[in-house]
Every structure is written in structure tokens, then in C-alpha cells.
Amino acid sequence: MSYLQVSLSAPKPVSRAKRLRDYQWLGAVPFALMHLAPLCAIWTGTKWQDWAACLVLYWGRMFFVSAAYHRYFSHRTY
């Protein structure tokens with residue numbers, strides 16, 4: 001069996017949380033804090049060079065991730 005073969009069966013339904021108490025808060029809190037932590041940079045006195053570096057690194061990361069996905073999914077090579 002190849003990894004490229006497609007299953008024709010219907011996917012299993014995903015169970016979703018319907019109430020706040022259904023969420024797994026213990027696992028969600030570190031994830032949320034990790035994404036909110038960069039907002040603390042507002043109070044640390046950053047310079048314009050810091051923001052320029054962030055933008056350049058963000059652009060480079062998005063470009064190369066997109067290029068990697070394109071190469072893998074379009075050409076099936078790496």
C-alpha cells in the first residue's frame with residue numbers, strides 16, 4: 001500500500017467542545033501564554049531595528065515555508 005492512496009470512506013466526525021468546561025484548559029493555558037508573551041515587548045522599550053528584524057524574519061519564514069509546501073505538494077520532491 002502506498003502513502004499516496006486515498007481512502008474513499010467517509011471521515012470520522014470530530015467531537016467539538018460545546019461548553020467552556022469541555023475544553024482542556026490545562027493544555028490551552030501554556031499555548032495561549034506563549035502567543036501572548038510577545039505583547040510584553042511594548043513595555044520593554046524596543047527600537048525600530050527590533051521591529052525591522054521581526055518583519056524581515058517573518059517575511060523570510062513565510063516565504064521559505066510556502067516554497068517548501070509548494071515544492072513538496074506540487075512536485076512531490078524534496
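Select Cys54 to begin: what is its relative accessible area? The value is 45%, so Cys54 is partly exposed; buried means under 20% relative accessible area, exposed means over 50%, and partly exposed is in between, with a 1.4 Å probe and protein chains only.

Before moving on, two notes on what you are looking at. This is a predicted model, where local features need pLDDT of at least 70 and side-chain atom pairs count only at pLDDT 80 or more, while totals for chains, interfaces and linings use all residues. Residues are numbered from 1 along each chain as its sequence is written, and side-chain values use heavy atoms, with hydrogens and water left out.

Cys54, for its part, is in no disulfide. A disulfide here is a pair of cysteine sulfur atoms within 2.5 Å, and searching the whole structure turns up 0 of them. Cys40 is partly exposed too, at a relative accessible area of 46%.

**The whole chain**

Now zoom out. The protein chain has 2 helices and 0 strands; these are DSSP runs numbered from the N terminus, with helices being H or I of at least four residues and strands E of at least two. Along the principal axes, the C-alpha atoms fill a box of roughly 55 × 45 × 15 Å.

How does the radius of gyration look? For the protein chain it is 20 Å, whereas a compact globule of 78 residues would be near 12 Å. That radius is taken over C-alpha atoms, and the globule rule is 2.2 Å times the number of residues to the power 0.38.

Buried residues make up 1% of the 78 residues. The chain exposes about 8,200 Å², with carbon and sulfur atoms supplying 69% of that; accessible areas come from the Shrake-Rupley method with a 1.4 Å probe, and for residues only the protein chains shown count as cover.

Select residues 25-36, which form helix α1. The end C-alpha atoms of α1 are 16 Å apart, in agreement with the 16 Å that its 12 residues should span at 1.5 Å a residue. The expected span is 1.5 Å times one less than the number of residues. α1 is hardly covered, with 0 buried residues among its 12.

Next, pick Leu20, Tyr23, Trp25, Val29 and Leu33 together: they make a nonpolar surface patch of about 550 Å². Patches use residues with over 30% relative accessible area and no salt bridge, joining like charges within 9 Å and nonpolar side chains (Val, Leu, Ile, Met, Phe, Trp, Tyr) within 5 Å. Val29 sits in α1 and is partly exposed at 41%. Tyr23 lies in the segment before α1 and is partly exposed at 45%.

**The salt bridge**

Select Arg19 and Asp22, whose side chains meet in a salt bridge at 3.7 Å, N to O. The structure holds 1 such bridge, meaning a side-chain nitrogen of Lys or Arg within 4 Å of a carboxyl oxygen of Asp or Glu. Arg19 is partly exposed at 46%, and Asp22 is partly exposed at 36%.

**The loop and helix α2**

Move to Ile42, in the loop between α1 and α2. At 56% relative accessibility, Ile42 counts as exposed. Its C-alpha is 50 Å from that of Ser9, 33 residues away in sequence.

Last stop: residues 48-75, helix α2. Its 28 residues reach 40 Å from first C-alpha to last, close to the 40 Å expected. Just after α2, click Arg76, which takes a positive phi of about 55 degrees.
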